[in-house]
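User: Hello! I am new to this structure and would like to get to know it step by step. Could you walk me through it?

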Amino acid sequence: MTQQPPPPPATEPAAPRLSLTEKASLTSGAGDFVTTAAPEAGISAVTMSDGPHGLRLPKESGDGGQIDLHSAAPATCYPPAVALGSSWDPELAHRVAGALADEAASHGIRVLLGPGINIKRSPLCGRNFEYFSEDPLLTAEMGGAMVRGLQESGVGAALKHYAANNQETDRMRVSADIDERPLREIYLRAFERIVRRDRPWSVMCSYNAVNGTLLSENSRLLTGILRTEWGFDGVVMSDWGAVRDRVAALRAGLDLQMPGTHGRTDAEVVAAVTAGELDESVLDTSVERLALFARRAGEGGRPGPRMSADEHHRLAGEAADRCVVLLKNERHVLPLDPSSGSVAVIGEPARTPRYQGAGSSQVTPTRLDTPLDKLRELADGARVDFAPGCPAPGGEAADTAGALADEAVRLAAACDTVVVFLGLSAADESEGFDRGHIDLPEEQLLLLERLVAANPRVVTVLSNGGVVRTAPWHDTVPALVEGWLLGQAGGGALARVLFGAVNPSGKLAETVPLCLEDSPSHLSFPGEEGHVRYGEGVFVGYRGYDAAAREVAFPFGHGLSYTSFTYSGLRVERDGDAFSASVTVTNTGRRPGREVVQIYSSGPAGSTVARPPRELRGFVSVTLAPGESREVAVGIPRGELAYYSAREAGWRVEGGDYGIEAGASSRDIRGSAVISVEGDPSGVALSGRSTIAEWLNHPVGGPLLMERFMAARAAAGAAAGAMENPTMARFLAGMPLEVVAEFPQSPVGPEGVAELTALAAAGTPAGDG
């Protein structure tokens, strides 16, 4: 078994001496974004804020603010997770989180509600803009870096949404019905990595149920897995409004109901303890955790000098630079020349950008850079003209659409290059509902068709919080830029990339399918009658596209540069209980550039469980000057090669030969090697119901059974000689031993099954029984 030990629990203060009523009050909020204080026990209130990518500050401070998704004081809006994930840059995420903590501390906020690390199971999820990736390792590296960045600067993280919150449809009630292996390998894996390694102060439980039990009342997930297995010592808080039964939630391991209910559910807790329905020690344990939570918030860290608003904005711009993904660049249309020529900028998103998602994470920015303004600022001799092309949502009347399109086409025909901005509106994707499709608006696609006919030099820039379908129109444009939602400084980042002041280095953190129907989750999303079946199992995202050999528009990990890179000399060496994959990367182009090297594994051959063709095991970025080469290395702990065995209730590394691949994307593999890995001993107890294959694969049972087969060879019975006949061996492999024992010529009779089972349990090898 491969199981990391949980981290040692922090020393918790003894339960303060409080009345039952006072203790109950601590386990719910005093307001919308503030916890309850108990000054006489030294427990201070903790103020929190929405803010995975920026603070949603109430206009008036005091009680933690009232819930208002649209009215807030200004704060820096950094690139949301959909963009930040495409940077593949944990160090950048760490810096952004440190700046968020700096800004939060200046407003008296001690806990930021984020990061969100749910897996992008379907491109339709309306909240995908808040999540990093379809891969749990990439998600854990980016999310973990944000947790560290926040908490090292004295502001706590609230890791969310635990767990399997992968859709908005019926999110308050739906049961995510997931088999144990995908639950562990895909949907809990990032949470596990971050909890064990990065020690978040708090975890936020989600609204949904898992396998029929609401998360807020799910003792297996909140206590058995999160605390007992992973060693979590922080506070479990509810998502806002996720508690249905306060007493059941406390009993399951939920410490803090948010927001407060003005004492109503506190009274339910008091009544349950008084009636003997809830042991007071359960309440005391939550109070102890909340006391530690308040102490951590009070002590915080030792943040450095405060950053100015200008410094925050510059960092937001630097982050946005790294998030832009160049999907296509035929005939080197990009970068544009800022010193000469003419550029037709088409599309309202260039003038009125959409830079963040809708819902509880909305930030009122301190300022906003628009792509159009920044393109004009950077143009040093080039002429930049603009036409909206299509009516803005809620803007011009629909009957003006034809005139706007005609104006845009005339401008496109008169300029050297066309840069058209396309994308989705807040009405298309938001917290609270899922998308019904992944297509761009029809009027935008019709406009694009006319623009290409007028001028073939068209650069398309996308602005979207979730994947959009680019097929078949991406074949008609020479250049395509995925701009995601880039925060308040994203307009400058797009201008810098388009004019070549920044060499793009972003890589897709999710697959862009040719059509929605190709998505592995398509037939089971978003479920029906209160249940959603995760029928694709572990084959989520690129794992599923690769396993089904489906063509995609752009694969996971894909992203081009204005320079080019070659890989050579991949080698994999054992390093203690880990492996190190090293490869030399060379910049073969004419510009400095950054490359993200991705390391995948496959195999082993003959695995006893279904495995994807490849899985991300690590990544590293390298920045190289033209002609420069450098060797980079990625460590692969042996445990990363494990799968989760539901039968053995733990992680298990299979023995055999594993493929190790270095790639520029999941489908652009530049080098491969093979490593031989010793497997973990089986933890399965053999019995008569175990199959012949299971017996033969067992380190003790296999030799015992083969000894019986060999001893019976002289009898030349059909069953006795079966293992020498490949067809019969395969035929028998799936049969339980107790069934084979009933065959007249079996080398093991019914009376011998119990004997063999006892010998295998005792660990007695062949010849010693």
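User: Where is the place of Val-155?

Analyst: Happy to start there. This is a predicted model, in which local features need pLDDT of at least 70, side-chain atom pairs count only at pLDDT 80 or more, and totals for chains, interfaces and linings use all residues. Residues are numbered from 1 along each chain as its sequence is written, and side-chain values use heavy atoms, with hydrogens and water left out. Helices (DSSP H or I, at least four residues) and strands (E, at least two) are numbered from the N terminus, and Val-155 sits in the loop between α4 (136-152) and β3 (156-162).

User: Is Val-155 buried or exposed?

Analyst: Buried means under 20% relative accessible area, exposed over 50%, and partly exposed in between, with a 1.4 Å probe and protein chains only. Leaving aside neighbours within four places in sequence, Val-155 is in contact (heavy atoms within 4.5 Å) with residues including Ala-101, Ile-109, Leu-150 and Trp-201. Its relative accessible area is 0%, so Val-155 is buried.

User: Which residues have the most contacts inside the largest nonpolar core?

Analyst: In soluble globular proteins, nonpolar side chains tend to be buried together. A nonpolar core here is a set of buried Ala, Val, Leu, Ile, Met, Phe, Trp, Tyr and Cys residues joined through side-chain atoms within 4.5 Å. The largest one has 147 residues, and those with the most contacts inside it are Tyr-162 and Ile-346.

User: Which helix gives the largest share of this core?

Analyst: The core in question is the largest, with 147 residues. Its largest share is nine residues, and they come from helix α3 (residues 90-106).

User: How many disulfides does a search of the whole structure find?

Analyst: A disulfide is a pair of cysteine sulfur atoms within 2.5 Å. For Cys-125, the nearest cysteine sulfur belongs to Cys-205 and is 17 Å away. For Cys-390, the nearest is that of Cys-415, also 17 Å away. Across the whole structure, the number of disulfides is zero.

User: Which peptide bond has omega of about 5°?

Analyst: Most residues other than glycine have a negative phi, and most peptide bonds are trans. The bond from Gly-603 to Pro-604 is cis, with omega near 0°, and Pro-604 lies in the loop between β20 (593-602) and β21 (615-624). Another proline, Pro-115, is in the loop between β2 (111-113) and α4. The cis bond with omega of about 5° joins Gly-114 and Pro-115.

User: Is Ala-164 buried or exposed?

Analyst: Ala-164 is found in the loop between β3 and β4 (175-177). Although not a glycine, Ala-164 has a positive phi of about 55°. Its relative accessibility is 4%, so Ala-164 counts as buried.

User: What is the relative accessible area of Asn-211?

Analyst: Asn-211 is in the loop between β6 (209-210) and β7 (213-214). This residue is not a glycine, yet has a positive phi of about 50°. Asn-211 is partly exposed, with a relative accessible area of 42%.

User: How far apart are the axes of helix α19 and helix α22?

Analyst: Two packed helices are described by the angle between their axes and the distance between the axes. Axes are lines fitted to C-alpha atoms, for helices over the stretch in contact, and angles run from 0 to 180 degrees between N-to-C directions. Residues that meet include Leu-704 and Arg-708 in α19 and Glu-755 and Leu-759 in α22. Helix α19 (residues 701-711) and helix α22 (residues 750-762) pack at about 145°, and their axes are 9 Å apart.
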